[in-house]
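Visitor: I am new to this structure. Please pick one part and take me through it closely, beginning at the surface.

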Amino acid sequence: MHGKFEMSMMGKLNYFVGLQIKKLKDGIFINQSKHCKELLKRFDMDNCKTMFTPMGSGTYVDQDESRVSINIIIYRGMIGSLLYLTTSRPDITFSAFVCALFQANPKESHVTVVKRIMKYLKGTMNVGLWYPKGSVCDLLGYSDADYAGCKTNRKNKSGTCHILGNALVSWSCKK
C-alpha cells in the first residue's frame, strides 16, 4: 500500500493523547480527570484537602534565595504533569507557568505553591472544556497585560483567550 493512507474506524473516540472525550447529545466534553488522579497519586497528594483556587490572590512567588533547595527532579516532574493538564485546564495555566519559572533552582516555597495547585485539582478533577452543539459562531477575544509587573525580573506578563460561540478555543499566558 505504498503512497496510500488507510484509516480504520475502531469505534467511538473516548481517549485521544490522554484527553478523555465524551460526546453527548448536546455537545462534547473534554477533560483529563484520569491524568489528574494519577498525578495526585504519583506525588502522594491523593488524600490531601481541597482548595478553592489554584493560587492565592496575594501569592508572590520569587527566587527565594533564603530557603532550602529541594529535589529538582521531583519538582520538574510535578511541573511537567501540571503543564500537561493545561491542555484541558486553562484555569491552572497561569499558576503552573509561574511555578515553571523556578525549575532551575526550586525551593520549599515553590513546592508549597505547586501543592496548592494540586489541592485545587483534587476538588476540581472533573472540570474540563465544554463545546455545546449548535452554539453561535461569534468570536470573542480577551487579553490582559501587566507591563514590567513581574517583581522577580521586571518583565511583561500577558494573557489571552478566544471564545468561539460558547466554547473556549485558545488561550495563552506569556512572559
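**From a surface patch to a sheet**

Guide: Leu-13, Phe-16, Val-17 and Tyr-84 make a nonpolar surface patch of about 390 Å². In such a patch, residues have over 30% relative accessible area and no salt bridge, and nonpolar side chains (Val, Leu, Ile, Met, Phe, Trp, Tyr) are joined within 5 Å. Accessible areas come from the Shrake-Rupley method with a 1.4 Å probe, and for residues only the protein chains shown count as cover. The model is predicted: local features need pLDDT of at least 70, side-chain atom pairs count only at pLDDT 80 or more, and totals for chains, interfaces and linings use all residues. Residues are numbered from 1 along each chain as its sequence is written, and side-chain values use heavy atoms, with hydrogens and water left out.

Phe-16 lies in strand E1 (residues 15-16); strands are DSSP runs (E, at least two residues), numbered from the N terminus.

Further along, an open sheet has 3 strands in the order E5-E6-E7, with antiparallel pairing. Strands E5 (139-146) and E7 (167-174) are at the edges with a single partner strand each, so one side of each has no neighbour in the sheet. Neighbouring strands here are turned by 10° against each other on average, direction ignored, with axes fitted as lines to C-alpha atoms and angles between N-to-C directions running from 0 to 180 degrees.

E5 pairs with strand E6 (residues 157-164) in the antiparallel sense over 8 bridges; two strands pair if DSSP finds at least two bridges between them. Ser-143 has Thr-160 in E6 as its bridge partner.

Technical notes: Patches are made of residues with over 30% relative accessible area and no salt bridge: like charges are joined within 9 Å, nonpolar side chains (Val, Leu, Ile, Met, Phe, Trp, Tyr) within 5 Å. A salt bridge is a side-chain nitrogen of Lys or Arg within 4 Å of a carboxyl oxygen of Asp or Glu. Helices (H or I, at least four residues) and strands (E, at least two) are DSSP runs, numbered from the N terminus.
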